[in-house]
Amino acid sequence: MTSEPFRVRVTVRGYELDTQGHLNQAVYLQYAEHARWEVLRAAGVGQDALIASGAGPVVLETTVRYLRELRGGDEVDVSCAFEYTPGRKTFRLVQHLVRADGTAAAEVTAVGGLLDLHTRRLVADPQAHLRKLATDPDLLGLS
């Protein structure tokens, strides 16, 4: 496993702000989703390859803890780490949104899985499925 979780930097855009001038609550979820797709891409599991394999990622549960506001122009690093439990069809995603100055802005945790696109059921072993596709499985916590 890698020592540091994968991170992607995002700059808060003006049109993402609410009437109080801080990042709209729904956009935190978009940033988390962006980081999840970016870590998959960096690990060699592009969206087209994943779909071609007959599976697609699904989020079954999400929790967001808002810690500090994000404002227009703020740069924020969004991390993404996968946690697996052997024998489970689901996995946990742990994500932190941290401003460039080191201030923690939010924590996002999610329960996800891989949906078999033909049977519409969760893939029995998501770790094996992802490992087979990944060129850098360590990024996905699959050492």
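Throughout these legends, a residue is called buried when its relative accessible area is under 20%, exposed when over 50%, and partly exposed in between, as found with a 1.4 Å probe on protein chains only. The structure is a predicted model, in which local features need pLDDT of at least 70 and side-chain atom pairs count only at pLDDT 80 or more, while totals for chains, interfaces and linings use all residues. Residues are numbered from 1 along each chain as its sequence is written, and side-chain values use heavy atoms, with hydrogens and water left out.

**View 1. The open five-stranded sheet.** Five strands form an open sheet in the order β1-β3-β4-β5-β2, with antiparallel pairing; helices (H or I, at least four residues) and strands (E, at least two) are DSSP runs numbered from the N terminus, and two strands pair if DSSP finds at least two bridges between them. Because β1 (6-11) and β2 (55-66) stand at the edges with a single partner strand each, one side of each is left without a neighbour in the sheet. From one strand to the next, the twist averages 25°, where axes are lines fitted to C-alpha atoms, for helices over the stretch in contact, and angles run from 0 to 180 degrees between N-to-C directions.

**View 2. Strands β4 and β5 with helix α3.** Nine bridges join β4 (residues 90-99) to β5 (residues 104-116) in the antiparallel sense, and His96 stands opposite Glu107 in β5. Helix α3 (residues 126-133) lies across β2, β3 (75-84), β4 and β5, running at about 95° to β5, with contact meaning heavy atoms within 4.5 Å.

View 3. Asp77 forms one with Arg9, their closest N and O atoms being 2.8 Å apart; since Asp77 lies in β3 and Arg9 in β1, the pair ties together parts that are 68 residues apart in sequence. Asp77 is buried at 18% relative accessibility, whereas Arg9 is partly exposed at 45%. Arg9, Glu75 and Asp77 are linked in a network of salt bridges.

View 4. Arg36 and Glu33 form a salt bridge whose closest N and O atoms are 2.7 Å apart. Being three residues apart in helix α1 (residues 25-42), the two are separated by about one helical turn. Arg36 is buried at 11% relative accessibility, and Glu33 is partly exposed at 32%.

Terms used
Salt bridge = Lys/Arg side-chain N within 4 Å of Asp/Glu carboxyl O.
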